[in-house]
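Dear colleague,

Please find the structure below, handed over for your use.

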Amino acid sequence: MKNYGEEMKYQRLKHNLTLRELEKQTGISNSTLSRWENGKVLPNIDFCVKLADFYGITLDELIGRDNA
């Protein structure tokens with residue numbers, strides 16, 4: 001399993017988004033997104049669902065959980 005923050009950042013960069021752009025599109029503050037990506041705070045499951053839906057991926061993909 002990868003670090004959830006690193007995976008969240010990977011997904012954001014994969015979609016060519018800055019923290020501010022992601023904030024505008026999801027309504028989640030860029031400071032909150034940054035704290036998640038840096039592993040300082042665990043995101044609430046509701047926000048994880050929102051981000052996974054936004055990116056069109058599963059929750060497992062969002063947090064870097066693999067099936068190994």
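**The nonpolar core**

The largest nonpolar core has 13 residues, and those touching the most other members are Met8, Leu22, Leu33, Trp36, Leu51, Tyr55 and Leu62. Three helices, α1 (4-14), α3 (30-37) and α4 (45-55), each contribute at least two residues to this core. The largest share is that of α4, with 4 residues. Please bear in mind that this is a predicted model.

**Overall form**

The protein contains 5 helices and 0 strands, so that reading from the N terminus gives the order α-α-α-α-α. Along the principal axes, the C-alpha atoms occupy a box of roughly 35 × 25 × 20 Å.Of the 68 residues, 34% count as buried. The accessible surface of the protein amounts to about 4500 Å², and carbon and sulfur atoms account for 50% of that surface. As for contacts between residues at least 6 apart in sequence, 57% of them join residues at least 24 apart. The charged side chains number 10 positive and 10 negative, with the centres of the two sets 7 Å apart.

**Leucine 33 and glutamate 23**

Which residues does leucine 33 contact, once its neighbours within four places in sequence are left aside? They are Leu19, Leu22, Glu23, Ile28 and Leu51. Two of these partners, Leu22 and Leu51, are also listed with Leu33 among the core residues that touch the most other members.

Glutamate 23 belongs to helix α2 (residues 19-26). Not counting residues up to four places away in sequence, glutamate 23 touches Ile28, Ser29, Asn30 and Leu33. The C-alpha atoms of glutamate 23 and leucine 33 are 8.0 Å apart in space, and the two residues are 10 apart in sequence.

**Arginine 12**

Arginine 12 is located in helix α1. Is this residue buried or exposed? Arginine 12 has a relative accessible area of 7%, and is therefore classed as buried. Leaving aside neighbours within four places in sequence, its contacts are Leu17, Thr18, Leu19, Leu22, Glu37 and Tyr55. Among them, Leu22 and Tyr55 are named above as core residues that touch the most other members.

**Two loop residues**

Asparagine 16 sits in the loop between α1 and α2. With a relative accessible area of 66%, asparagine 16 is exposed. Asparagine 16 is not a glycine, yet its phi is positive, at about 55°. For context, most residues other than glycine have a negative phi.

Lysine 40 is in the loop between α3 and α4, and is likewise exposed, with a relative accessible area of 67%. Apart from residues up to four places away in sequence, lysine 40 touches Tyr4 and Arg35. Lysine 40 and tyrosine 4 are 36 residues apart along the chain, and their C-alpha atoms are separated by 11 Å.

Yours sincerely

Key. Residues are numbered from 1 along each chain as its sequence is written. This is a predicted model: local features need pLDDT of at least 70, side-chain atom pairs count only at pLDDT 80 or more; totals for chains, interfaces and linings use all residues. Side-chain values use heavy atoms; hydrogens and water are left out. A nonpolar core is a set of buried Ala, Val, Leu, Ile, Met, Phe, Trp, Tyr and Cys residues joined through side-chain atoms within 4.5 Å. Buried means under 20% relative accessible area, exposed over 50%, partly exposed in between (1.4 Å probe, protein chains only). Contact means heavy atoms within 4.5 Å. Accessible areas come from the Shrake-Rupley method with a 1.4 Å probe; for residues, only the protein chains shown count as cover. Lys and Arg count as positive and Asp and Glu as negative; His and the chain ends are not counted. The place of a charge is taken as NZ of Lys, CZ of Arg, CG of Asp or CD of Glu.
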